[in-house]
Amino acid sequence: MIYPKIPLAQSIIEICHAKGIHDIIISPGSRNAPLTIGFSNNPKFNCYSIADERCAAFFALGIAQQTKKPVAVVCTSGSALLNYYPAFAEAFYSQIPFVVISADRPFDKIDIGDGQTIRQENVFINHSLYNANLTEEASEENDVFINEAINVAIARKGPVHINVPFEEPLYETTNKLSVDFNVTGLVLPQRILDVDDIIAFSTLWNHSRKVLILVGECTPNSIEQKWLDQLASIPSVVVMTETISNLHHPSFINNIDTVITPFSPSEFLELQPRILITFGGMIVSKRVKAFLRKYKPKHHWHIDEHRAYDTFGMLTKHFKVHPNQFFKQFLPFVKNMESDYKATFQNIHSNRKVKHNEYLSQVPFCDLKAFESILSSLPKDIQLQISNSSAIRYAQLFDIDTSIEVFCNRGTSGIDGSTSTAIGAAVGSKKPTVLITGDIGFLYDSNALWNNYIPKNFKIILINNGGGGIFRILPGHQETETFNTYFETSHCLTAEHLAKMYQLDYATASDDASLKKGLSKLFKQNEKPIILEVFTPTRENDKLLLNYFKALV
């Protein structure tokens, strides 16, 4: 076995292995050479080399998203580290275990004019759950910091930063360990509901005829189906699920925006819940957020082991348990009340589906029509990754087969790493993976394709509407040069030459017939990654989408 000669590097590598970190994404550089040598020469680790640090971090995030285990990213000193920040923030808000290990110059080299040197200590302080600023020599104190950082990433599900100063020479090796490193155990707390809380809050529930449960992003199969079935049987309870909730029941409202959007003020008042219960990640639907912020429920309870956000401006209780534990303890105390709350929503939902189908049957080819064809054509049992901005919002309007696992970076809702995350997730899950992305997000993250690990069955569906089309449906849109240049980011670029450069298959579609043909080719191709680029009419998409919501009434 080849080890780095620097003892501190040896300690980090051995503690990472002892803590169950097996996937290491290395951003090439010199200052991190001791770590690169140690990780890459150790068969206990799966090492990946990705040159663009921003892409490397999102690739790591995708693996961690799927494995539920911490993944480490390793970089050299200087600005390289700063490129990890978008993924670091996403890990913080999406509660994904994520470990950044940055090589640094020794302390006496900071701020004296040395190259590739910045103030790296605590650089992620606003979003880091733990910052381990190590000293140069291997020591018990350093071991404590390394252990604690990794323990926190696992226990609190989020990002941590380990900053490691190395002095030259950096490339010397040895064939045996020279350190006695220490590993501290990880104790995860057993979180259960307080009996007094169960009695008090179940009493509130049992006196409420209108209980709305709103579910954001959830890991597939993380909520036991028996609790979902029980919730679905209660007449006073309406369950609204987003596409990335990965929760399914015939009585759940899974196209929130199609139900909420056309309500009149009197309907909003009639359907205003008395109790709102939320769990899962961030909420995509702006419409349901606007509804609940204006027509506030009397009580808002959030269920999460770690954090609760006051999304609607009236959070009244944070239950710090896993949703399964909450329902296990709480639901035996819930009584079925006479209520038409669920029935009313179900009736509205059914009527909206009729209008939805009527409109889609006569609308010309556009973003909306493309998403209808794409989502209804997806194979079963795949993983679907969706980019932010318009892609995830269009996807929310349609049903997706319940065998498909759906993911999106909704922690910060940024467009900056969707493709890199999707590739990492495909590697981490080993499942056939489809990414649906918009043109701006795809172009912004095009270095994601500079990656030697893209699985052969990875597929990209790129909706190219010539710019940031979502801005056309936002209040304040005007057809001006300023809008087209600085908001929509109009362009005439395509993915054709990128596909050729990175040796991906490529196909195009621009109407119903060519899309059907392109999708057939896409799903038959499993010998190499493929991009299907779908061109839609820039000037028509917003009008057709706005008319869609009017047609639902």
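This is a predicted model: local features need pLDDT of at least 70, side-chain atom pairs count only at pLDDT 80 or more; totals for chains, interfaces and linings use all residues.
Good morning. I begin with a pair of helices: α12, residues 341-362, packs against α13, residues 367-377, at an angle of about 110 degrees, and their axes are 10 Å apart. Angles from 65 to 115 degrees count as roughly perpendicular, and α12 and α13 are therefore roughly perpendicular to each other. On the α12 side, the contact is made by Y359, L360 and S361, and on the α13 side by L368, K369 and E372.

Six strands form an open sheet with parallel pairing, and their order is β3-β2-β4-β5-β7-β6. Which strands stand at the edges? They are β3, residues 46-49, and β6, residues 131-133; each has a single partner strand, so one side of each is left without a neighbour in the sheet. Neighbouring strands here are turned against each other by 15 degrees on average, with direction ignored.

Within this sheet, β4, residues 71-75, pairs with β5, residues 98-104, in the parallel sense over five bridges. As for V73, its bridge partner in β5 is V100.

Helices also pack on the sheet. Helix α2, residues 33-40, touches β2 (23-26), β3, β4 and β5, and its direction makes about 140 degrees with that of β2. Helix α5, residues 140-155, touches β5, β6 and β7 (159-165), and the direction of α5 makes about 160 degrees with that of β7.

Thank you.

Technical notes. Residues are numbered from 1 along each chain as its sequence is written. Side-chain values use heavy atoms; hydrogens and water are left out. Axes are lines fitted to C-alpha atoms, for helices over the stretch in contact, and angles run from 0 to 180 degrees between N-to-C directions. Helices (H or I, at least four residues) and strands (E, at least two) are DSSP runs, numbered from the N terminus. Angles under 35 degrees count as roughly parallel, over 145 as roughly antiparallel, 65 to 115 as roughly perpendicular and the rest as oblique. Contact means heavy atoms within 4.5 Å. Two strands pair if DSSP finds at least two bridges between them.
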